[in-house]
Amino acid sequence: MIRFEQVSVTYDGAARPALREVDLTVPEGELCLLVGPSGSGKSTLLGAVSGLVPHFTGGTLRGRVTVAGRDTRTHKPRELADVVGTVGQDPLAHFVTDTVEDELAYGMESLGVPPDTMRRRVEETLDLLGLAELRDRPIAALSGGQRQRVAIGSVLTTHPRVLVLDEPTSALDPAAAEEVLAVLQRLVHDLGTTVLMAEHRLERVVQYADQVILLPSPDAAPLVGEPAEIMPVSPVQPPVVALGGLAGWSPVPLSVRDARRKAGPLRERLTGAAPRAVADPAPGPPVAEVSRLAVRHGRVEALRGVGLSVRPGETVALMGRNGAGKSTLLASLVGMHQPASGSVRVGGGEEEAGHGGVVPHRTRPAELLRHVGLVPQEPRDLLYADTVAAECAAADRDADVAPGTCRALVARLLPDVADTTHPRDLSEGQRLALALSVVLTARPPLLLLDEPTRGLDYAAKARLVEVVRELAADGHATVLATHDVELAAELAHRVVILAEGEVVADGPMAEVVVSSPAFAPQVAKILAPLPWLTVPQVREALETAP
Ligand SMILES: Nc1ncnc2c1ncn2[C@@H]1O[C@H](COP(=O)(O)OP(=O)(O)OP(=O)(O)O)[C@@H](O)[C@H]1O
Ligand SMILES: Nc1ncnc2c1ncn2[C@@H]1O[C@H](COP(=O)(O)OP(=O)(O)OP(=O)(O)O)[C@@H](O)[C@H]1O
């Protein structure tokens, strides 16, 4: 259904190709998963299928890509729209209408689908993706995950024969991600749809894949095979596979269920040992204090009666369904929303701030920067300069630190980012690494991260974990809003769960998540009832065991 023959893509001005001499075939009616480290060319490969590369991105494509027999170089994306439906990494960039319902209908309108069919499919899709209550909402007034659902819905309504999805679950809460994957699997099984999907969070998708295409790096040939063949040799592995490798299980398990069946002996070896807990934060006056906070967006009550206190050195994971109010809470801590009632204070932990700290929405940005820094859900919102180097130089100046500080952070998170690249042309993961570095340069006492792992591979995530842990050891506090249960398990002391604008749980990570089917990490599910959460914890215990 999809065929690559000797395909190379080189972006204008790039020193080397983003894809090199790729040959592969995706058969009709299969769900094929594209995996590989950040910047290995996954989005480029997907773009070559939908025709966005090179028609919209520029650059040179050599070789031949065909979809359902049509050459994507001689057919514009518009002329492929009846066969290929695409969901990009950045849905906001692709929305064409203003409301949820119009967006779901738009693709069908341009294909000339009859009105009664359109009506029926819109209703089906609203239900399928849990969007019925939001149907009249302006897209601009949706949370990140709600937008991602609309983007997915808008291609499903056209019933394309081929679906191309770039990190379709990156902004979805764990339950929503499972629902979307179940829908995709149904399309594949029942309608023979061909799905090609890139995803970093393999723990969410690998068990659904018929085939895996691994792009080890831009210079190496892709490796294609069944998930159980490719995963053991892949540089990116979900926790279930990594745990299987540690324990020597063969064949390697791909799902929690497979792993639980084999976990008996490992459980026995670990009984009696205790996982090393994340180091406890130092006591001290809070760096953020939120009390009975209510925030409204128009008619929507996004937060109600929220209380939260964050201490120096503490890492707090903020979790909860799409639309629960996580981004709103983080934005309130940097003064982007005025409370309808209640109070927010940050910076009380430092002596010079006096006792109560400052009220974010009444504090000048330059002053606020000394207390708190936010990496927003859209890292783009933070980047202004024309090159990576200029962005880093500006961050060093703003933070008044030694030149090169920000650049060193970028290089530490992702080694391969070039100085001269325009931030717009970075891969999603590279752009996030840059935005993170810009904020980390100022070493704010309180660091806020909104979905900090979109587009990051496991290696980059591990480096992010190191950086945040070092900051914590130095007394910096971090609050991260995330759907990434694996990241939260590695990093957080404490987890706060929001539901419909209210705090419904607040406590130590291990206690809150282990009993929760939605928020427990894979290792916890496999080894329950033992209290282990992550692969590194298990590795350490096995290495130090007699
Ligand atoms: N429009 C563009 N112009 C120039 N270079 C680009 C452009 N788009 C991508 N690149 C570069 O091509 C390489 C591959 O990028 P691509 O987005 O395909 O990677 P990816 O595997 O999807 O990464 P991620 O997992 O971070 O999304 C990167 O080094 C990126 O900086
Ligand atoms: N500008 C806006 N106008 C109206 N409603 C809004 C606006 N921004 C957000 N909302 C609504 O407020 C609620 C909370 O949104 P918020 O972005 O804080 O959720 P979230 O927990 O961060 O979700 P996600 O996990 O999807 O990012 C949602 O119901 C959302 O639709």
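Colleague: How far apart are the centres of domain 1 and domain 2?
Modeller: The centres of domain 1 and domain 2 are separated by 27 Å, taken over C-alpha atoms. Bear in mind that this is a predicted model.

Colleague: Which residue ranges does the domain assignment give?
Modeller: Domain 1 is 2-247, and domain 2 is 288-544.

Colleague: And how many residues of each domain are in contact with the other?
Modeller: 29 residues of domain 1 contact 35 residues of domain 2.

Colleague: Which helices supply at least two residues each to the side of domain 1 that touches domain 2?
Modeller: α6 (144-156), α7 (174-191) and α10 (239-247) each do that. The largest share on that side comes from α10, with five residues.

Colleague: How do the residues on that side of domain 1 divide by class?
Modeller: There are 15 nonpolar, ten polar and four charged residues on the side of domain 1 that touches domain 2.

Colleague: Ligands next. Where does ligand 1 lie?
Modeller: Ligand 1 lies between domain 1 (2-247) and domain 2 (288-544), because both give residues to its shell.

Colleague: Which residues come nearest to ligand 1?
Modeller: Tyr11, Ser43, Thr44, Ser427 and Gly429, of the 20 residues around ligand 1. Two helices, α1 (42-50) and α17 (428-441), each supply at least two residues of that shell.

Colleague: How many of the shell residues around ligand 1 are polar, and how many charged?
Modeller: 13 are polar and three are charged. The remaining class, nonpolar, has four.

Colleague: What about ligand 2? Which residues come nearest there?
Modeller: Ala141, Ser143, Gly145, His297 and Ser327 come nearest, again out of 20 residues around ligand 2. α6, β12 (300-310) and α13 (326-333) each give at least two residues to the shell.

Colleague: Where does ligand 2 lie relative to the domains?
Modeller: Ligand 2 lies between domain 1 (2-247) and domain 2 (288-544), since both domains give residues to the shell around it. By class, the shell around ligand 2 has six nonpolar, twelve polar and two charged residues.

Colleague: Switching to strands. Why is β3 described as largely enclosed?
Modeller: Five of the five residues of β3 (residues 31-35) are buried, so the rest of the structure largely encloses this strand.

Colleague: Which residues sit on which side of β3?
Modeller: Leu31, Leu33 and Val35 are on one side, Cys32 and Leu34 on the other. All are buried, and both faces of β3 are covered. As background, side chains in a regular strand alternate between the two faces of the sheet.

Colleague: What does β3 pair with, and in which sense?
Modeller: β3 and strand β8 (residues 194-198) run parallel and are joined by four bridges. β3 also pairs with β9 in the parallel sense, over four bridges. Leu33 has a bridge partner in each: Met197 in β8 and Val212 in β9.

Colleague: I keep landing on Val206. Where is its place in the chain?
Modeller: Val206 is in the loop between α8 (202-205) and β9 (211-214).

Colleague: Buried or exposed?
Modeller: Val206 is buried, because 23 other C-beta atoms lie within 10 Å; the cut-off for buried is 20 or more.

Colleague: What does Val206 touch, leaving out residues up to four places away in sequence?
Modeller: Val206 touches Leu33, Pro227, Met231, Pro238 and Leu254. Val35 is 171 residues from Val206 in sequence, yet the C-alpha to C-alpha distance is 9.8 Å.

Colleague: Now the open sheet. In what order do the four strands come?
Modeller: The order is β2-β1-β4-β5, with antiparallel pairing. The edge strands, β2 (19-26) and β5 (70-71), each pair on one side only.

Colleague: How many bridges join β1 and β2?
Modeller: Five bridges join β1 (residues 2-10) to β2, in the antiparallel sense. In one of them, Ile2 has Val26 of β2 as its bridge partner.

Colleague: Last one: α4. Which residues are buried there?
Modeller: In α4 (residues 100-111), the buried ones are Val100, Glu103, Leu104, Ala105, Gly107 and Met108. They pack against α5 (115-128) and α6. Just after α4, Gly112 takes a positive phi of about 75 degrees.

Colleague: What does the UniProt record annotate?
Modeller: The unreviewed UniProt entry carries "domain: ABC transporter" over residues 2-243 and 288-525. Over residues 2-243, the chain is 36% helix and 22% strand.

Technical notes:
Residues numbered from 1 in each chain as written. Chains lettered and ligands numbered in written order. Predicted model: local features only at pLDDT ≥ 70, side-chain atom pairs only at ≥ 80, totals over all residues. Near = placed C-beta within 6 Å. Nonpolar A, V, L, I, M, F, W, Y, C, P; charged D, E, K, R; others polar. Domains from an automatic or database assignment. Contact = placed C-beta atoms within 7 Å. Pairing = 2+ DSSP bridges. Buried ≥ 20, exposed ≤ 12 C-beta atoms within 10 Å, placed from the backbone. UniProt positions renumbered as here; feature names shortened; annotations may be inferred.
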